[in-house]
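Subject: Handover of a structure for your study

Dear colleague,

Please find below the structure that I am passing on to you. I would be grateful if you read the notes that follow with the model open beside them.

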Amino acid sequence: NKRATARFMVNDFASSIADCIRVLEMKPRHFGCLAGLGMCHQALGEEAKAVRFFREALQVHPGMEGPRRVVDSYELKGTINRHIRPQILRVASALSQDDAS
């Protein structure tokens, strides 16, 4: 896991991911590697994959604050996009139509 961390620090995310996967083959509940995979995928802009690994890390170690914040933020964004954003778009469209009149 130390090599994976070193590779992450120099932005070699693909190698860091590969190292974490090797560690998880030997120790599937290694929460450091699970969180590290989340961080790598987050750095690559792969939010859904990052959240998946952060959730796995939280199953092993529920007290991790960083992964908890990322997962909570992701879930909040999903709620906003599903429920609030459509309403905002409807209001904006109605206001736009009123301006055009």
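Cys-20 is buried, with a relative accessible area of 2%; here buried means under 20% relative accessible area, exposed means over 50%, and partly exposed lies in between, with a 1.4 Å probe and protein chains only. Please bear in mind that this is a predicted model, in which local features need pLDDT of at least 70 and side-chain atom pairs count only at pLDDT 80 or more, whereas totals for chains, interfaces and linings use all residues. Residues are numbered from 1 along each chain as its sequence is written, and side-chain values use heavy atoms, with hydrogens and water left out.

How many disulfides does a search of the whole structure find? The search finds 0, where a disulfide is a pair of cysteine sulfur atoms within 2.5 Å. Cys-20 is therefore in no disulfide, and the nearest cysteine sulfur, that of Cys-33, is 4.0 Å away.

**Helix H1 against helix H2**

Helices (H or I, at least four residues) and strands (E, at least two) are DSSP runs, numbered from the N terminus. H1 and H2 pack with their axes 8 Å apart, at an angle of about 165 degrees. Axes are lines fitted to C-alpha atoms, for helices over the stretch in contact, and angles run from 0 to 180 degrees between N-to-C directions. The angle makes H1 roughly antiparallel to H2; angles under 35 degrees count as roughly parallel, over 145 as roughly antiparallel, 65 to 115 as roughly perpendicular and the rest as oblique. The crossing of H1 and H2 is left-handed, a term used if the near helix is turned anticlockwise from the far one by less than a right angle, while clockwise is right-handed.

On the H1 side, Arg-3, Ala-4, Arg-7 and Phe-8 meet Phe-13, Ser-15, Ser-16, Asp-19, Cys-20 and Arg-22 of H2, contact meaning heavy atoms within 4.5 Å. This contact of H1 with H2 has 4 nonpolar, 2 polar and 4 charged residues. In this scheme Ala, Val, Leu, Ile, Met, Phe, Trp, Tyr, Cys and Pro count as nonpolar, Asp, Glu, Lys and Arg as charged, and the others, Gly among them, as polar.

Ser-16 belongs to helix H2 and, at 2% relative accessibility, counts as buried. Leaving aside residues up to four places away in sequence, Ser-16 touches Ala-4, Arg-7, Phe-8 and Cys-40. Ala-6 lies in helix H1 and is partly exposed, with a relative accessible area of 42%. Ala-6 and Ser-16 are 10 residues apart along the chain, and their C-alpha atoms are separated by 7.9 Å.

The loop between helix H1 (2-9) and H2 holds Asn-11. Although Asn-11 is not a glycine, it has a positive phi of about 65 degrees. Is Asn-11 buried or exposed? At 56% relative accessibility, Asn-11 counts as exposed.

**Helix H2 against helix H3**

Helix H2 (residues 13-26) packs with helix H3 (residues 31-43) at an angle of about 155 degrees, and their axes are 9 Å apart. That makes H2 roughly antiparallel to H3, and their crossing is left-handed. H2 contributes Phe-13, Ser-16, Ile-17, Cys-20, Ile-21, Val-23 and Leu-24 to the contact, and H3 contributes Cys-33, Leu-34, Leu-37, Cys-40, His-41 and Ala-43. These residues divide into 11 nonpolar, 2 polar and no charged.

Gly-36 is placed in helix H3 and counts as buried at 14% relative accessibility.

**Helix H3 against helix H4**

The axes of H3 and helix H4 (residues 47-60) come within 7 Å and cross at roughly 160 degrees. H3 and H4 are therefore roughly antiparallel to each other, and the crossing is left-handed. Residues of H3, including Phe-31, Gly-38 and Met-39, meet residues of H4, among them Lys-49, Phe-53 and Glu-56. By class, this contact has 10 nonpolar, 3 polar and 2 charged residues.

Yours sincerely
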